[in-house]
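These are my notebook entries on one protein model. I set down what I looked up, entry by entry.

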Amino acid sequence: MGGGRWRRVLSGLWRSITVWAVSTVTMLALAGALPDFQLQSDNGDSATRIAMTAAFGAGFFGLLSALAWPLLVRTLLLVPALVLGLLVFFLNGSLLLLALRVNPSGQSEAAPETAVVVAAVMSAVASATGGALAVRDDDAYRRRLYRLADRRRRRGERPAGATTPGTVFLQLDGVGHDVLQEAVRKGLMPTVAQWLGVTGPAGARARTPSGATDAAGRPAPVTTATAGVVGGPSHRLDPWRTDWSSQTGASQLGILHGTNHDIPAFRWYEKDSREIMVCNRPSSAAELQRRAIERTGDGGLLTADGASRGNLFSGGADQLALVLSIAARRRRENRSRDGYFAYFSDPANAVRTAMSFVAEVFREIGQSTRARLEKRRPRVKRGGLYPFVRAFATVVERDVVVAAVMGDLLAGRTAVYADLVAYDEVAHHSGPRGRDTEKVLQRLDRSLALIAKVAEHAPRTYRIVVLSDHGQSPGETYQARYGLTLGDLVRAGCGLPVPRRARRTHSGAEARAAVRAALRRPVEEGGERHHPDGQLSEPVVLASGNLGLVSFPDVPHRMSKEEIDRRHPALLTTLANHPGVGFVLVRSEEHGGVVLGAHGAEIPVDELAANPGPLRDFGPGAADAVRRTHSFPHTADIMVNSWYDPVEGEVLAFEEQIGSHGGLGGAQGRPFLLSPVAFTAPAGDGGELAGAEQVHQVLRRWLRESGGPQIPLETRPGERRAA
């Protein structure tokens with residue numbers, strides 16, 4: 001055995017002994033502090049005997065945790081995610097009780113509830129001690145990962161075709177192109193900066209000249225021309241343009257399944273079924289996925305040896321964890337076992353996550369309190385259950401998804417797609433830019449670094465693609481500015497009574513649905529229904545960020561402008577001329593479809609390219625996006641896009657969000673694509689990708705370039721391939 005091998009063995013032995021000793025001391029301290037936990041008989045024992053009892057108990061508890069725990073978790077993988085997280089503590093306590101019962105002294109005992117507390121504290125202390133010692137040994141973590149990968153190779157678990165590179169797609173939900181650039185310039189995301197080949201002073205922080213902008217007035221791109229070069233970039237950064245519905249449901253369905261046809265918004269009313277579809281409702285997500293597969297004739301981007309982690313849709317993957325479209329299914333084969341096992345097989349993981357969860361709850365309470373004391377504007381309410389929803393998104397879901405991705409890498413899967421929703425959730429309530437979101441971006445960068453480090457020890461090489469599904473546009477809420485909701489304005493235009501106190505419009509953040517799905521509870525938000533209540537003659541008004549939808553459920557078809565004018569003569573004029581409304585789309589019997597704006601503006605949809613009218617301030621591609629949505633079968637009777645300030649980039653959300661997305665206007669429609677330079681450029685001739693379906697085609701092409709089995713199906717005669 002070489003000297004290096006001996007040093008590693010001795011180092012590992014030293015860490016084990018140290019953790020054992022610290023655990024023993026912890027057990028002794030807890031025995032002195034907790035009345036229901038004792039390590040001696042009622043008549044008293046010598047200090048030596050008590051110490052030996054503690055040492056044996058700590059050692060046997062650690063041994064049980066290492067050997068029995070993975071087997072226990074494997075049998076409990078069908079338990080809902082959050083329930084399993086809580087069950088971890090009780091199982092840990094049971095292992096401690098068993099360790100105390102088999103103690104040779106026979107004098108140690110603990111009440112069951114006390115055993116849970118003692119086990120949690122000991123696991124946390126052991127984990128912290130082991131982590132601190134590992135930091136002192138720079139390569140300890142890398143060696144452990146290598147051993148795991150090498151063990152799989154020796155067992156013959158190397159997948160077929162593993163000589164070709166695998167691909168990991170990591171979606172940073174809601175992070176816009178410009179926000180990512182700013183984060184790199186400020187040094188908040190050193191991993192991304194390293195991939196882009198840029199660095200600043202001391203070789204750690206990427207920077208560009210302060211206030212640098214491009215020709216359009218946007219922040220200057222982070223490139224090797226604006227910062228120092230370190231061996232050349234390994235990745236390139238490109239923006240892409242979303243569809244009108246700039247939200248995860250439309251974008252991710254298009255990216256993973258190749259089509260987002262007939263997704264007009266985050267939530268919409270379908271007259272044929274009389275049902276409200278919501279992208280983050282499991283039943284709706286499953287139906288949208290079914291429709292996409294039926295339209296394309298293809299299972300999705302991940303159908304061959306793929307894994308889907310933390311997404312709304314599966315992408316056709318066999319390996320699933322926290323995927324919303326299967327959350328409502330009860331069959332055993334649809335449970336995401338591997339992701340949970342990879343994380344909860346280590347009992348210390350649950351303790352660390354629980355502590356981080358509690359810390360995040362208090363962090364949110366502190367940040368929201370500071371925002372109130374400083375009287376920041378704009379601001380939305382952040383009380384109730386929101387601190388726990390945020391903690392779930394930024395801690396629990398992140399930890400489970402990252403662990404699942406690491407397991408996929410060590411298993412050598414061909415393609416992995418994972419969604420990290422932390423930034424999106426925080427930005428909705430704190431705004432896209434600020435101290436709150438900067439902290440989240442820093443933690444996301446650390447997650448990227450961890451995944452990249454694990455990839456170094458995988459049984460195959462991996463290419464890491466980082467992308468976002470949309471950005472976020474800042475701005476106060478419509479209700480905060482005007483004192484009424486879009487629903488109130490619609491009712492006033494229809495001549496209906498307006499409630500004195502407007503009902504709160506619920507946020508559609510993905511994390512809230514993920515929490516409810518993890519608890520196996522119905523995922524309808526408070527007040528949100530499958531079917532509209534009230535009189536069928538009254539309009540159904542739904543909000544998706546700064547996009548509003550108005551439907552009349554008693555009319556079986558999509559109403560025309562002429563029909564609406566006859567029924568409610570003041571409605572369209574009221575909407576189009578309101579200062580908080582940017583433009584309105586409605587079907588027209590004369591022109592097919594028209595866009596309405598202030599001061600009587602009325603532009604046929606087919607003439608928007610030559611005369612954008614009210615769409616002029618919404619940037620390139622707005623006319624195409626509106627025209628495409630107009631063609632959808634389930635487009636609402638009236639589509640309302642909020643006002644947009646092209647100078648400040650602000651919109652007015654029809655939901656309770658100060659960072660919003662879902663419509664047209666500003667950074668919400670400009671996400672990013674960070675790809676290895678080993679792949680061909682996303683868009684040739686300096687062009688820009690337009691729409692999630694084009695992003696899907698690019699990802700397909702990259703998988704083919706990696707030698708993977710993902711090949712698009714041939715278009716059958718008479719069928720149109722999703723663009």
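**Entry 1: Helix H16**

I began at the end of helix H16, where Gly-495 follows with a positive phi, near 75°. I note that this is a predicted model, in which local features need pLDDT of at least 70, side-chain atom pairs count only at pLDDT 80 or more, and totals for chains, interfaces and linings use all residues. Residues are numbered from 1 along each chain as its sequence is written, and side-chain values use heavy atoms, with hydrogens and water left out.

For helices (H or I, at least four residues) and strands (E, at least two) I use DSSP runs, numbered from the N terminus. Is H16 mostly covered or mostly uncovered? I found H16, residues 486-493, mostly covered, with 7 of its 8 residues buried. Buried means under 20% relative accessible area, exposed over 50%, and partly exposed in between (1.4 Å probe, protein chains only). Among the buried residues of H16 are Leu-486, Leu-489 and Val-490. I then looked up what they pack against: helices H15 (478-482) and H19 (571-576), and strands S14 (540-544), S15 (547-551) and S19 (638-642).

**Entry 2: Nonpolar cores**

A nonpolar core is a set of buried Ala, Val, Leu, Ile, Met, Phe, Trp, Tyr and Cys residues joined through side-chain atoms within 4.5 Å. Which residues have the most contacts inside the largest core? I found Trp-244 and Val-626, in a core of 63 residues. Helix H21 (residues 692-705) gives the most to this core, with 6 residues. A second, separate core has 47 residues, including Val-400 and Leu-420.

I also listed the neighbours of Val-626, leaving out residues up to four places away in sequence: Val-626 touches Trp-244, Phe-583, Leu-585, Val-595, Leu-608, Leu-615 and Leu-664. Contact means heavy atoms within 4.5 Å.

**Entry 3: A sheet**

I traced an open sheet of 8 strands with mixed pairing, in the order S10-S9-S11-S3-S12-S23-S6-S24. Two strands pair if DSSP finds at least two bridges between them. S10 (319-321) and S24 (689-690) are the edge strands, each pairing on one side only. Strands S3 (residues 166-172) and S11 (residues 415-420) run parallel and are joined by 6 bridges. Thr-167 has Ala-415 in S11 as its bridge partner.

**Entry 4: Confidence**

I looked last at pLDDT, the predictor's confidence in each residue, from 0 to 100. The chain averages 78, and 62% of the residues score at least 70. Over residues 131-142 the pLDDT is below 50, and this stretch has 15 contacts in the model beyond near neighbours in sequence.
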